[in-house]
Amino acid sequence: MMARRKTGLGEDLLDITSALPWWMGVVLAVIAYGVLQHYASLGMPTSPVPGQMGYMVVEQMGRTFAYYGQYILPPLFLFGAFASFLKRRKRKDLVRAVGEGKAGNVLRDITWRDFELLVGEAFRMHGFSIVETGGGGADDGIDLVLRKEGEFFLVQCKQRRAYKVSVNIVRELLGVMVAKGATGGFVVTSGVFTTEAKSFAKGRNIELLDGSALTT
């Protein structure tokens, strides 16, 4: 699946806000409106001061941005907060479905994106803080960054149907771990790992979690 191409700053803000706890999006919306509304309401000097024309032009541009921004940025933050709330609820529903003994159906029918949400919630329940990076699709890049007690870990989520995750995936993760200085890493799949992948991960602070581990 191809990575979704972003179209601009607004979409970047939505992605960032939706990755935060929903209440932080609400707080950002309130702060943004208060600051921008206050700045937009400040008056400009009625007559130019010699030598300060450049300053006045910059100030006017700032006022213009604040005037329109007070109606644009807060709704963006609120929409991101709503998206975060929906993702949080969906994660809980997925975990509940697995806990109720429906793991086989869930892992078989789940989309790669929902699989990533499920894995993220599982780590969150074990005390990690989660950053969802959306590593470019079902089979590309780092999907989650975990932080706990000053250390950080990288996670690749591989939602496979009747497919074994090869040693190449584990090697790729190790390379990224070394480049970023990560404490450790996880490869999580709804399928299974090859014998070579398991052997390569030993002693390298990489943990492999397969479908059976997700159901326990």
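## Close-up views of a predicted model

**View 1. Strand β5 is mostly covered, with six of its six residues buried.** Buried means under 20% relative accessible area, exposed over 50% and partly exposed in between (1.4 Å probe, protein chains only). Helices (H or I, at least four residues) and strands (E, at least two) are DSSP runs, numbered from the N terminus. Both faces of β5 are covered: G184, F186 and V188 are buried on one side, and G185, V187 and T189 are buried on the other. The model is predicted, so local features need pLDDT of at least 70 and side-chain atom pairs count only at pLDDT 80 or more, while totals for chains, interfaces and linings use all residues. Residues are numbered from 1 along each chain as its sequence is written, and side-chain values use heavy atoms, with hydrogens and water left out.

**View 2. Strand β5 pairs with β3 and with β7.** Two strands pair if DSSP finds at least two bridges between them. Strands of a sheet pair through backbone hydrogen bonds, either parallel or antiparallel. The pairing of β3 with β5 is parallel and covers six bridges; here V155 stands opposite F186 in β5. Strand β5 (residues 184–189) also pairs with β7 in the parallel sense, over four bridges. On that side F186 stands opposite E207 in β7, and V187 has L208 in β7 as its bridge partner.

**View 3. Strands β1, β2 and β3 are joined by antiparallel pairing.** Four bridges link β1 to strand β2 (residues 144–148), and I130 has L146 in β2 as its bridge partner. Five bridges link β2 to β3, where the bridge partner of V145 is L154 in β3. The hairpin of β2 and β3 has two residues between the strands. In this hairpin, E149 takes a positive phi near 55 degrees.

**View 4. Five strands form an open sheet with mixed pairing, in the order β1-β2-β3-β5-β7.** The edge strands, β1 (129–132) and β7 (206–209), each pair on one side only. On average, neighbouring strands of this sheet are turned by 20 degrees against each other, direction ignored. Helix α5 (residues 167–180) packs on the sheet and touches β3 (151–158), β5 and β7; contact means heavy atoms within 4.5 Å. The direction of α5 makes about 155 degrees with that of β3. For such angles, axes are lines fitted to C-alpha atoms, for helices over the stretch in contact, and angles run from 0 to 180 degrees between N-to-C directions.

**View 5. A nonpolar patch on the surface includes W22, W23 and F82.** Patches are made of residues with over 30% relative accessible area and no salt bridge; like charges are joined within 9 Å, and nonpolar side chains (Val, Leu, Ile, Met, Phe, Trp, Tyr) within 5 Å. A salt bridge is a side-chain nitrogen of Lys or Arg within 4 Å of a carboxyl oxygen of Asp or Glu. The patch has about 1,000 Å² of accessible area together, a value from the Shrake-Rupley method with a 1.4 Å probe; for residues, only the protein chains shown count as cover. Helices α2 (22–41) and α3 (53–109) each supply at least two residues of the patch, and the largest share, seven residues, comes from α2. W22 lies in helix α2 and is partly exposed, with a relative accessible area of 43%.
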